[in-house]
Amino acid sequence: MNAWFLVGLLLAAGLAGCSSLLPKSKEATASPWQTYQDVQETFDKIVPGHTTIAELRQMSLDPASNPNIAILNYADVMRRFMLNQSFSISDLDTGVRECVLARIGCRGFEITQSQVHRQRTGNVVLDVLGFQRETHTEGWRFNGLILLKDDVVVYKLTGGQPVIQQKEENQNPLGPVQAIGSKMTGISF
């Protein structure tokens, strides 16, 4: 029995520094762009009033060939911009107003792209037993909106997070006992 305890102790000590055994995950949309800057540079080439649907296709901004681009109709555009009763059509940006007033001649593309990597680091034994967990998250998220009236861009808007860097640390001094106790009582320590 003591030999098994010694083998277990040596195995635990050997695994203690092996963070490569910890889980990792990657969230990435299928995308022709590798970075936030790549997508932003593409959007910077769009000129409202001049850029056509054919030019958007050449820029990989075609929902038929590029996944993760939603097609919006004018009712979807109205819901996004007319948030409540106090808003009137005259309060909208000129491009948005033109699009909404065109009704069926109006459509939009909502572009959502991201690459996010999560990596757990630290001591494998402490992580597996639930005493201490450390997760590092890095990546980017991009959101863009393009409105077209009669196949010509009339409005564009971009946003997102060019750089995501997060570190999350969880410590449970009682480890697995703490998790069991909170499940049984419904109380977290």
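Select Arg-107, which is partly exposed, with a relative accessible area of 27%. The model in view is a predicted one. Because Arg-107 belongs to strand S3 while Asp-151 sits in the loop between strand S4 (132-149) and strand S5 (152-171), the pair ties together parts that are 44 residues apart in sequence. Asp-151 is likewise partly exposed, its relative accessible area being 35%.

## The chain as a whole

How many helices and strands does the protein chain have? There are seven helices and five strands. Followed from the N terminus, the elements run α-β-α-α-β-α-α-β-α-β-β-α.

Colouring by accessibility gives a further view. Of the 189 residues in the protein chain, 29% are buried. The protein chain exposes about 11900 Å², and carbon and sulfur atoms supply 56% of that area. With regard to contacts between residues at least 6 apart in sequence, 70% join residues at least 24 apart.

## The disulfide

Select Cys-99 and Cys-106 and show their side chains. A disulfide joins these two residues, with an S to S distance of 1.9 Å. The count for the structure is one disulfide. Turn the view to look along the S-S bond of Cys-99 and Cys-106: the torsion about this bond is about 85 degrees, so the disulfide is right-handed.

Are the two cysteines buried or exposed? Cys-99 has 0% relative accessibility and therefore counts as buried. Cys-106 has a relative accessible area of 4% and is buried too, because the limit for that class is under 20%.

Move to Gly-105, in the loop between helix H5 (94-101) and strand S3 (106-121). Which residues does Gly-105 contact, leaving aside its neighbours within four places in sequence? They are Leu-148, Lys-149 and Asp-150. Then select Tyr-74, 31 residues away along the chain; the C-alpha atoms of Gly-105 and Tyr-74 are separated by 8.2 Å.

## Two further salt bridges

Side chains of opposite charge can pair when their charged atoms come close.

Select Asp-76 and Arg-79 for another. The closest N and O atoms of this salt bridge are 2.4 Å apart. Both residues lie in helix H4 (residues 74-81), and because they are three residues apart there, about one helical turn separates them. Asp-76 counts as buried, at 18% relative accessibility, whereas Arg-79 counts as exposed, at 57%.

Continue to Asp-62 and Arg-57, whose side chains meet in a salt bridge with an N to O distance of 3.9 Å. Here Asp-62 is buried, with a relative accessible area of 15%, while Arg-57 is partly exposed, with 45%.

## Last stop: the aromatic cluster

The structure holds three aromatic pairs. For one of them, select Tyr-36 and Phe-142: their rings are edge-to-face, 5.4 Å centre to centre, with 65 degrees between the planes. Tyr-36 lies in helix H2 (residues 36-44) and Phe-142 in strand S4, so the pair ties together parts that are 106 residues apart in sequence. Tyr-36 counts as buried at 9% relative accessibility, and Phe-142 counts as buried at 0%.

Phe-43 and Phe-142 form a tilted aromatic pair, 5.2 Å centre to centre, with 55 degrees between the planes. Since Phe-43 lies in helix H2 and Phe-142 in strand S4, this pair ties together parts that are 99 residues apart in sequence. Phe-43 and Phe-142 are both buried.

To finish, show Tyr-36, Phe-43 and Phe-142 together: the three residues form one aromatic cluster.

How values were computed: Residues numbered from 1 in each chain as written. Predicted model: local features only at pLDDT ≥ 70, side-chain atom pairs only at ≥ 80, totals over all residues. Heavy atoms only, no water. Helix = DSSP H or I, 4+ residues; strand = E, 2+ residues; numbered from the N terminus. Contact = heavy atoms within 4.5 Å. Disulfide = S-S within 2.5 Å. Buried < 20%, exposed > 50% of the residue type's maximum accessible area, 1.4 Å probe, protein only. Salt bridge = Lys/Arg side-chain N within 4 Å of Asp/Glu carboxyl O. Areas by Shrake-Rupley, 256 points an atom, 1.4 Å probe, with all protein chains shown as cover. Phe/Tyr/Trp six-rings, centres within 6.5 Å; stacked < 30°, edge-to-face > 60°.
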